[in-house]
Amino acid sequence: KKPRCSGPIQVVMSESPFDKRVRAVLPKDHHIVLASLGGWLGLYGFFKLTSMAFGSKKKAPAVEAPAAPAPPSKGGFAMPTADNIGEWMEKESNWAELDKHLK
């Protein structure tokens, strides 16, 4: 004969001494979850504050030299760059070279 269950099945687990001490202070599951979250957030805040107080000072960023213009690619076709795109687009010969290069 099959037993009938009218509600959720309760699983009985043996409690360790540590679990008994924790349950004496935090009786419900959500208390333990909130305490765990509070502990992790506290550790995060502690390390954030100590790094702000005792961390190394940020150095000024190094100034980079401007990049050299790209050499013409194979076939003598020079691709436009961000600096010369406006001038490049105005010349019809550049469009013809691009069309020839892409074919």
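**Salt bridges and aromatic rings in a predicted model**

Tryptophan 40 has its place in helix α2 (helices, H or I of at least four residues, and strands, E of at least two, are DSSP runs numbered from the N terminus). This is a predicted model, where local features need pLDDT of at least 70 and side-chain atom pairs count only at pLDDT 80 or more, while totals for chains, interfaces and linings use all residues. Residues are numbered from 1 along each chain as its sequence is written, and side-chain values use heavy atoms, with hydrogens and water left out.

User: Which element of the protein chain has the highest mean pLDDT?

Analyst: pLDDT is the predictor's confidence in each residue, from 0 to 100. The chain's mean is 80, with 71% of residues at 70 or more. Among the elements, helix α4 (residues 92-102) is lowest at 83, and the highest, at 94, is helix α2 (residues 29-54).

User: Is tryptophan 40 buried or exposed?

Analyst: Buried means under 20% relative accessible area, exposed over 50%, and partly exposed in between (1.4 Å probe, protein chains only). Tryptophan 40 comes out at 65%, so this residue counts as exposed.

User: What is the area of the nonpolar surface patch made by Trp40, Leu43, Phe46 and Phe47?

Analyst: Patches take residues with over 30% relative accessible area and no salt bridge, joining like charges within 9 Å and nonpolar side chains (Val, Leu, Ile, Met, Phe, Trp, Tyr) within 5 Å. Areas come from the Shrake-Rupley method with a 1.4 Å probe, and for residues only the protein chains shown count as cover. Phenylalanine 47, for one, is exposed at 52%. The patch of these four comes to about 510 Å².

User: What kind of aromatic pair do phenylalanine 46 and phenylalanine 47 form?

Analyst: Rings of Phe, Tyr and Trp (its six-membered ring) pair if their centres lie within 6.5 Å; planes under 30 degrees apart are stacked, over 60 edge-to-face, the rest tilted. By this rule there are 2 aromatic pairs. With 5.3 Å centre to centre and 70 degrees between the planes, phenylalanine 46 and phenylalanine 47 are edge-to-face.

User: Which residues are linked in a network of salt bridges?

Analyst: A salt bridge needs a side-chain nitrogen of Lys or Arg within 4 Å of a carboxyl oxygen of Asp or Glu, and the structure holds 2. Aspartate 19 meets arginine 23 at 3.9 Å, N to O, the two being 4 residues apart in helix α1 (residues 17-25), so about one helical turn separates them. Aspartate 29, exposed at 52%, bridges to arginine 23 at 2.8 Å between the closest N and O atoms. The network is Asp19, Arg23 and Asp29.
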